[in-house]
Protein chains: 2
Amino acid sequence: MKIVLDVMGQDAKTVVPVKGALDALLETDVQIVLAGREEEIMAALKECGHDTVPERMEILDAPEVVTMNDYSTVLKTKRNSSMCKGLDYVAAGNADAIVSAGSTGALLTAATLIVKRIRGVRRAALGTVLPNDNGGVLLMDCGANAECTAEYLLQFAYMGYFYMRNVMKRDNPRVALLNIGAEDAKGRPEHKEAFELLSKANEEGFINFVGNIEGRDIFTADCDVIIADGFSGNIALKTVEGTASYFAKMMKSMFYKNIFSKISALIVKGGINSLKKKMDYAEVGGSPFIGLSKPVIKAHGASNSKAFKNAIKQAYYFASSSAISDISANVENMKVANEGKTE
Amino acid sequence: MKIVLDVMGQDAKTVVPVKGALDALLETDVQIVLAGREEEIMAALKECGHDTVPERMEILDAPEVVTMNDYSTVLKTKRNSSMCKGLDYVAAGNADAIVSAGSTGALLTAATLIVKRIRGVRRAALGTVLPNDNGGVLLMDCGANAECTAEYLLQFAYMGYFYMRNVMKRDNPRVALLNIGAEDAKGRPEHKEAFELLSKANEEGFINFVGNIEGRDIFTADCDVIIADGFSGNIALKTVEGTASYFAKMMKSMFYKNIFSKISALIVKGGINSLKKKMDYAEVGGSPFIGLSKPVIKAHGASNSKAFKNAIKQAYYFASSSAISDISANVENMKVANEGKTE
């Protein structure tokens with residue numbers, strides 16, 4: 001199992017993903033290809049105590065770096081970037097998956113064109129595992145597709161189902177649709193139509209659809225996958241982030257008020273830490289693009305070494321699973337007769 | 001100033017809104033019309049220590065009660081409900097505003113047909129004031145319109161601007177657009193077009209548009225109004241609610257762990273209470289429907305007496321302000337030339 005790690009896209013220095021990769025080597029039997037400027041990678045390895053490239057690690061030299069401005073032109077202007085060369089490496093069959101903390105838009109564009117979608121899948125979606133009391137729930141799409149047809153939503157449901165079943169080992173994952181009411185006929189036309197399609201797929205035994213849920217149910221609903229159009233999925237994901245960090249800030253100021261409150265913070269330190277851990281994206285790793293022919297993991301731009309290590313492990317589990325072949329085998333069931341004429 | 005209070009729509013017994021109304025009488029010079037079953041209202045007043053109808057209070061007898069199932073048929077099937085008779089009373093000019101905790105959908109439908117929209121306003125929007133460090137931010141639309149054109153969004157911006165300026169006394173309120181990226185050309189086609197229209201209205205000095213914001217900025221962005229289509233606005237609002245209550249639950253279990261953690265909870269009790277207060281919808285009162293020719297306030301279905309009292313006060317401030325006449329005076333500026341042909 002060989003994973004490419006793009007070490008040039010993140011906010012932090014090259015040493016941060018390199019350290020994450022070295023840690024991943026210790027915890028798994030994975031082989032890692034570091035894509036980026038060779039000189040910088042060698043310097044980063046040295047900083048971590050390695051004068052030569054360690055065993056099970058190799059370097060894919062790439063002189064260019066994708067920035068936030070390369071959103072739609074990445075393939076034309078940055079063909080020799082760590083991102084594109086890494087994707088080429090995966091597409092050519094030299095590696096099994098890729099992890100990058102570079103621009104989400106650029107990664108989606110480049111991955112779709114280089115690695116390509118699974119045959120029959122109309123759009124790849126960005127998934128994120130949010131914390132809850134049942135070990136996490138997959139929210140997808142989190143922003144890859146601002147406009148979705150009912151067929152896209154149906155496909156996301158199948159893809160999320162197989163991801164959670166095969167990668168996260170959930171038994172018959174429960175799929176819900178993010179909507180503005182729990183009743184059946186809610187939402188925009190595409191949500192209403194998707195509800196019908198999902199109910200039918202459920203009746204036919206293909207997926208386990210449990211109905212609509214609202215934003216307030218994201219953390220508490222009995223489900224493993226939440227399907228959303230990319231616009232409202234992105235709004236939901238970022239609203240979770242914003243609310244959690246606002247809450248955390250208020251809690252902090254509550255504990256930092258005076259010497260007594262600081263002592264009380266020490267008493268409940270264990271609780272605060274487990275709460276922090278639950279809300280820490282570094283624990284999760286990264287967000288998978290689901291629907292591509294190989295695993296592509298988007299790591300957070302602000303990832304630390306632990307987040308990179310966990311993203312590599314996530315890519316490893318994804319690539320080891322049969323999620324992609326199961327999606328591929330079910331493509332015929334995900335098609336809507338009267339759609340796709342313009343594709 | 002006379003406010004109608006529908007005392008039949010909430011989850012709780014009639015005594016809860018009646019108690020809220022009595023408290024509002026003590027804090028303001030408002031006159032209150034209690035709409036509902038006279039017998040039940042008299043019993044509730046008695047429970048609060050009043051054998052007769054108090055001064056500045058009257059009863060509007062209405063035998064029927066609107067339920068969650070009367071969404072679209074409310075006018076046909078429940079014409080003698082407290083909600084419809086209350087709206088009739090306001091529309092006839094016998095009162096200045098109405099507060100109801102009944103079904104949101106039924107209230108929007110009935111209010112639009114009975115009280116009617118401001119002439120030239122295409123859709124009324126549901127606004128909610130969310131807590132932040134600057135005394136709150138108005139999010140609208142929170143779910144009245146699942147599908148919005150760019151023109152609707154432009155109108156919401158003007159309406160939110162005048163609401164926050166005139167009712168909440170903000171100086172030149174800053175209006176932002178909820179989107180999936182801070183850059184200019186983000187979102188669905190209607191968001192991109194709305195961005196252009198809002199920028200133009202800003203340049204012409206009509207409103208103070210500050211650009212796109214993302215879900216993660218809801219609590220921290222420097223703005224007074226956040227404009228959203230009703231679908232993603234509803235997702236954002238309910239995701240805030242869900243995340244806050246999940247966080248609160250985790251905090252509670254952290255403090256209830258053992259005797260030491262319970263003591264630490266006592267130490268930071270003041271902080272916990274102020275945090276609770278900030279997140280308590282009862283402090284805010286209710287959600288205004290903005291764009292109707294009279295103030296209509298939707299109170300939370302689970303409102304307690306304090307929430308009803310604050311919703312009445314909110315209706316009072318809304319009706320005392322020139323928000324509606326200012327919206328009306330600006331209707332010509334809110335029109336988009338090539339839209340509305342199908343209206």
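Predicted model: local features only at pLDDT ≥ 70, side-chain atom pairs only at ≥ 80, totals over all residues.
Tyr158(A) is buried, with a relative accessible area of 0%. The partner of Tyr158(A) is Phe206(A), and the two form a tilted pair, with 6.3 Å from centre to centre and 45 degrees between the planes. A pair of aromatic rings is described in just this way, by the distance of the centres and the angle of the planes.

Tyr158(B) lies in helix H6 (residues 150-166) of chain B and Phe206(B) in the loop between helix H7 (189-203) and strand S8 (208-213) of chain B, so the pair ties together parts that are 48 residues apart in sequence. Tyr158(B) is buried at a relative accessible area of 1%, and Phe206(B) is partly exposed at 30%.

Chain A can be laid on chain B with an RMSD of 0.0 Å by a turn of 180 degrees and a shift of 0.0 Å along the axis. The two copies are therefore related as by a two-fold rotation axis. Within chain A, the C-alpha nearest this axis belongs to Ser264(A), at 2.2 Å from it. Both copies use the same surface for their contact, and 100% of the contact residues of chain A recur in chain B.

How many residues does the contact take from each chain? It takes 52 residues from chain A and 52 residues from chain B. Between them, chain A and chain B bury about 4800 Å², with 72% of this area on carbon and sulfur atoms. Polar groups take part as well: 12 residue pairs are in polar contact between chain A and chain B, counting pairs with both residues at pLDDT 80 or more. On the side of chain A that touches chain B, H7, helix H8 (230-255), helix H9 (259-267) and helix H10 (269-278) of chain A each supply at least two residues. H8(A) gives the most to this side, with 21 residues.

Over all chains, the search of the whole structure finds 36 salt bridges, and the count between chain A and chain B is 10. In one salt bridge, the side chains of Arg188(A) and Asp229(B) meet at 3.3 Å, N to O. This pair crosses between chains, from the loop between strand S7 (174-178) and H7 of chain A, where Arg188(A) lies, to the loop between strand S9 (225-227) and helix H8 (230-255) of chain B, where Asp229(B) lies. Are these two partners buried or exposed? Arg188(A) is buried, with a relative accessible area of 5%, and Asp229(B) is buried too, with 1%. Another salt bridge joins the side chains of Asp133(B) and Lys249(A), at 2.7 Å from N to O.

Salt bridges also occur within a chain. In chain A, the side chains of Glu332(A) and Lys335(A) meet in a salt bridge at 3.3 Å, N to O. Glu332(A) is exposed, with a relative accessible area of 59%, whereas Lys335(A), at 39%, counts as partly exposed. In chain B, the side chains of Asp326(B) and Arg165(B) form a salt bridge at 2.8 Å, N to O. Asp326(B) lies in helix H13 (residues 323-329) of chain B and Arg165(B) in helix H6 of chain B, so this pair ties together parts that are 161 residues apart in sequence. Arg165(B) is partly exposed, with a relative accessible area of 31%. Finally, salt bridges that share partners join Glu214(A), Arg216(A), Lys238(B) and Glu241(B) into one network.

Methods: Residues numbered from 1 in each chain as written. Chains lettered and ligands numbered in written order. Heavy atoms only, no water. Least-squares fit on C-alpha atoms with pLDDT ≥ 70 in both. Contact = heavy atoms within 4.5 Å. Phe/Tyr/Trp six-rings, centres within 6.5 Å; stacked < 30°, edge-to-face > 60°. Buried < 20%, exposed > 50% of the residue type's maximum accessible area, 1.4 Å probe, protein only. Helix = DSSP H or I, 4+ residues; strand = E, 2+ residues; numbered from the N terminus. Salt bridge = Lys/Arg side-chain N within 4 Å of Asp/Glu carboxyl O. Buried area = accessible area lost by both parts, 1.4 Å probe. Polar contact = N/O pair within 3.5 Å; in protein donor to acceptor, adjacent residues only side chain to side chain.
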